[in-house]
Amino acid sequence: MSQQQEQIRAAVLAIVKRLAPEIDPTRIIADKPLRTQIDLDSMDWLNVLATIHEKLGVNIPETDYGKVQTLDGIVAYLADKIPAAAPE
Amino acid sequence: MKPVLIRKQSADAPTDAAFSWAAVGRELGIAPDGAVNIAQLAVDRHAQSALAEKTAFRFLAAEGSVRDLSYRQLAELSDRFGNALTSLGVRKGDCVFVLCGRICELYVAVLGALKIGAVVSPLFQSFGPEPIRSRIAQAAGQVLVTTASAYQRKVAALRPELPSLKHVLLVDDLGTGAIADTLDLHALLRAAPDTPALVPTGPEDPALLHFTSGTTGLPKGAIHVHGAVVTHFATARSALDLKPDDIFWCTADPGWVTGTSYGIVAPLVLGVTSIVDEADFDPLRWIEILENERVNVWYTAPTAIRLLMKAGPELFAGHRFPDLRFIASVGEALNPEAVCWGQEAFGRPIHDNWWQSETGGIMIANTAALDIKPGSMGRPLPGIAAHVVRHPAGEPVTVIETPDTVGELALETGWPSMFRGYLNQPERYRACFAGHLYLTGDLVRRDADGYYWFVGRSDDVIKSSGHLIGSFEVERVLMAHPAVAEAGVIGKPDALAGEVIKAFVVLKQGITANEDLRLDLLGHARRRLGAAVAPREIAFVPALPHTRSGKIMRRLLKARELGLPEGDSSTLEPGAAPGEKK
């Protein structure tokens, strides 16, 4: 995982953790659907997406929800939309 | 501007004159006071008919696989499940809880348990340990059917507190093999014979237990009987326009009453094919299911509709719904914009209807033939007599005849799916009735054309994403946190969910409110209550407003939250709370 992806992953987990403080990020299986692992309901999920939009500046349209079901999927999706800050 | 009336081509709205519940029962082959079993009428009857090989359920797995289950297969699997329960010593009247996602095993378990006369109580999969514990304990549940993952996360630690729970049957979704003090459901099904499991049941024998919430006290378990199936059958036709050859999709989770009455029982009794989506809500996925599965009748909920509206017209680009004939919604009053949006998005208006856990089936509806007044819940269905009543505390109930006058919605008793009691709470059950009227607790008005309009609840119960949530259940868990002195919970209006749960928390002396504590408290609540019941917002306040008798004035908390007039505060305790700490 690139440094940018690491940063995105940490930022996403921080967002999830603010909405669902009970989760233990070390237990998340990154390539399995996120919501069923940590009991995020539809409203929680919308809040996660709205906060991603606010903090990371990426709007995930409804038609792309299928691509962001897993933590890996979210990180890959965002990494694709966020230009790398500087060449490594 | 939105139309105030959506006209239907056919003006022949069903008339009440020719309708009788007994006649509907005869149509199902039920003799007066004869044997009736929901699962027999839903499954076995078709498995022994020309419909045997017809698909009863099509399960759409999250990862894309499809599994069809015919009426014959469903009959065989539910017989096996019923026989497995019998071999474990489960008897007629024993309570079987189900806690899992919308997987095949859930449907098999519900129907198999009904066959042997067990009382089935489906629990919502998003419940946390505390709602699960309190419901199983209240009903002295003997059996729980769940998945290994849900068991490990939510139930295993509760076992010492649930002495009634003799058997936990697991679907091994983790692939980890045997778990202590549980049985493997699939192994039980394989070992059990597929001989008929049916045990004779009568129309008044309890079949289903649906927990619902009030403002005070613990959740109430509404008891429903096998005879309720007559209402499910009749209303699926009258309110949902469901016909035997339809593909039907009820999106409700069977953990709530809609998902049982109309996600399991009604479509099976009619012999239709139902779509079951095992995945979480996903706008594009839903649009594709409606289109690709050629859904004819779709029964969904306001929150889902508003989320689809929010997605905008791009979501619908390139999709067509020529098979979709009827769309209905339930859970909370559907806003007029959403009713009309259905026309734009699907070429069909959305038909709102009204009922509750206690009524067991749809009571008031916008039907296929009836002109729609967007924003109205429609008119009473055949066999249902509704009234608007006034009942001031301590005085007799009077019926309001003047149109457009707000009062409580009341229904004349006698429809087959009326609840027969609140489990262990006979006084609360009695309090729901005045003579031959069931008092619903919902405030409505009826216009001059006989359409009913939802106005609000007569109590402080919260409705979030269409689900009733009792403030007390949430407050009790918050108060179990060591930093909390007192908590008051309200429903805060929300554009998508209808209401979201907001908690006002008073901390114990010497404890400082800060963000870490807020997150700790939020985690505490979510861990115990689950995402569906836990508060989404927590505010720290120095004190809560109380009545002189010491009850938290949730209505006042809500008025303050919304910046509304606080109304009559004459019963308020002196020196009651100032506002929220920022």
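I started with the domains of chain B. The assignment, automatic or from a database, gives domain 1 (21-446) and domain 2 (469-562). I took their centres over C-alpha atoms and got 30 Å between them.

The model is predicted: local features need pLDDT of at least 70, side-chain atom pairs count only at pLDDT 80 or more, and totals for chains, interfaces and linings use all residues. Residues are numbered from 1 along each chain as its sequence is written, while chains are lettered from A and ligands numbered from 1 in the order in which they are written.

Next I looked up contacts (C-beta atoms, placed from the backbone, within 7 Å). In chain B, 19 residues of domain 1 are in contact with 17 residues of domain 2. On the domain 1 side, helix H5 (129-139) and helix H11 (302-311) of chain B each supply at least two residues. H11(B) gives the largest share, four residues. Helices here are DSSP runs (H or I, at least four residues), numbered from the N terminus.

Then I checked confidence. pLDDT is the predictor's confidence in each residue, from 0 to 100. Chain B averages 92, and 96% of its residues score at least 70. Residues 574-582 of chain B fall below 50, yet this stretch has 16 contacts beyond near neighbours in sequence. I also noted ipTM 0.85 and pTM 0.90 for the model.

Last, I went to helix H2 (residues 38-47) of chain B. Nine of its ten residues are buried (20 or more other C-beta atoms within 10 Å of a residue's own, placed from the backbone). Among them are Ile38(B), Leu41(B), Asp44(B) and His46(B).

Note on methods: Two residues are in contact if their C-beta atoms, placed from the backbone, lie within 7 Å. A residue is buried if 20 or more other C-beta atoms lie within 10 Å of its own, exposed if 12 or fewer, and partly exposed in between; C-beta atoms are placed from the backbone.
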